[in-house]
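Visitor: I'm new to this one. Could you walk me through it?

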Amino acid sequence: MFNARSAIVLSLIILAVACSSPPEEAVLGQFFAAARLRDNTALASFATVTFEPHIDGIVTEFDVTHVTAEMRTAFTRRAVSEARDEAKTNGLILQLSMNIRPDVDITKYDSQVGSKDLTIEAPVKLPDGRIVQRTLIVTMQHAVLKADQEMVGRWIVTGLRVSSDRPKPQVKS
């Protein structure tokens with residue numbers, strides 16, 4: 001029977017699910033923390049880009065304001081010369097996302113690369129000490145391998161750019 005205790009437990013579960021952050025947000029937190037410390041070893045395990053504190057500034061907090069729907073594209077190893085760079089990049093994404101050793105032959109799987117863009121708002125402390133509000137677009141990708149069953153890899157950071165939609169006013173100096 002549904003009683004007051006059950007209602008409280010159900011409410012707490014709904015609240016926990018509603019307030020939990022998506023896994024991509026945790027990866028972004030790790031990304032900006034490692035970038036702030038210039039920990040390139042840590043970054044190399046889950047990112048193909050960096051955010052250099054002496055050039056780009058430092059992000060200590062951010063708000064995710066928009067997330068695009070995930071788009072999946074097949075990963076194929078085409079022999080055309082311009083596709084070689086794409087295959088090399090996708091191979092790196094597959095290795096990082098799935099923690100695959102370089103000696104594993106990923107061509108034995110039907111592979112896809114999932115991709116989504118996250119728009120974030122963040123105060124960025126610039127190298128000159130000023131703090132400015134920036135809108136950043138972060139591209140995150142993960143691998144999906146299909147054999148007997150689907151295996152989904154972790155999200156990794158593969159792109160970062162400052163949005164040029166509109167200039168942001170200075171927060172504080």
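Visitor: Which helix is Glu 24 found in?
Guide: This is a predicted model, so keep that in mind as we go. In it, Glu 24 belongs to helix H2. That helix runs over residues 23-36, so the place to look for Glu 24 is H2.

Visitor: Is Glu 24 buried or exposed?
Guide: Buried means under 20% relative accessible area. Glu 24 has a relative accessibility of 6%, so it counts as buried.

Visitor: Which side chain makes a polar contact with the side chain of Glu 24?
Guide: Leaving aside neighbours within four places in sequence, Glu 24 is in contact with Leu 118, Met 140, Trp 155 and Lys 116. The polar contact, side chain to side chain at 2.9 Å, is with Lys 116.

Visitor: Which residues of H2 are buried, and how are they placed around the axis?
Guide: The buried ones in H2 are Glu 24, Val 27, Leu 28, Phe 31, Phe 32, Ala 34 and Ala 35. They cover an arc of only 165° around the axis, so they sit on the same side of H2.

Visitor: What covers those buried residues of H2?
Guide: Helix H3 is part of the cover. Strands are in there too, including E1 (58-59), E2 (63-67), E4, E5 (131-146) and E7 (156-162).

Visitor: How far apart are the end C-alpha atoms of H2?
Guide: H2 has 14 residues, and at 1.5 Å a residue they should span 20 Å. The model agrees with that, because the end C-alpha atoms are apart by 20 Å.

Visitor: How far apart in space are Ser 111 and Ala 143?
Guide: Ser 111 is in strand E4 (residues 110-125), and at 5% relative accessibility it counts as buried. In sequence, Ser 111 and Ala 143 are 32 residues apart. In space, C-alpha to C-alpha, the figure is 7.1 Å.

Visitor: Over which residues does pLDDT stay under 50?
Guide: The chain has a mean pLDDT of 78, and 69% of its residues reach 70 or more. Where pLDDT is low, the predicted coordinates should not be read in detail. One such stretch has 1 contact beyond four places in sequence, and another has 3 contacts beyond near neighbours.

Conventions
Residues numbered from 1 in each chain as written. Predicted model: local features only at pLDDT ≥ 70, side-chain atom pairs only at ≥ 80, totals over all residues. Heavy atoms only, no water. Helix = DSSP H or I, 4+ residues; strand = E, 2+ residues; numbered from the N terminus. Buried < 20%, exposed > 50% of the residue type's maximum accessible area, 1.4 Å probe, protein only. Polar contact = N/O pair within 3.5 Å; in protein donor to acceptor, adjacent residues only side chain to side chain. Contact = heavy atoms within 4.5 Å. pLDDT = per-residue confidence, 0-100. Expected span 1.5 Å × (residues − 1). Arc of directions from axis to C-beta.
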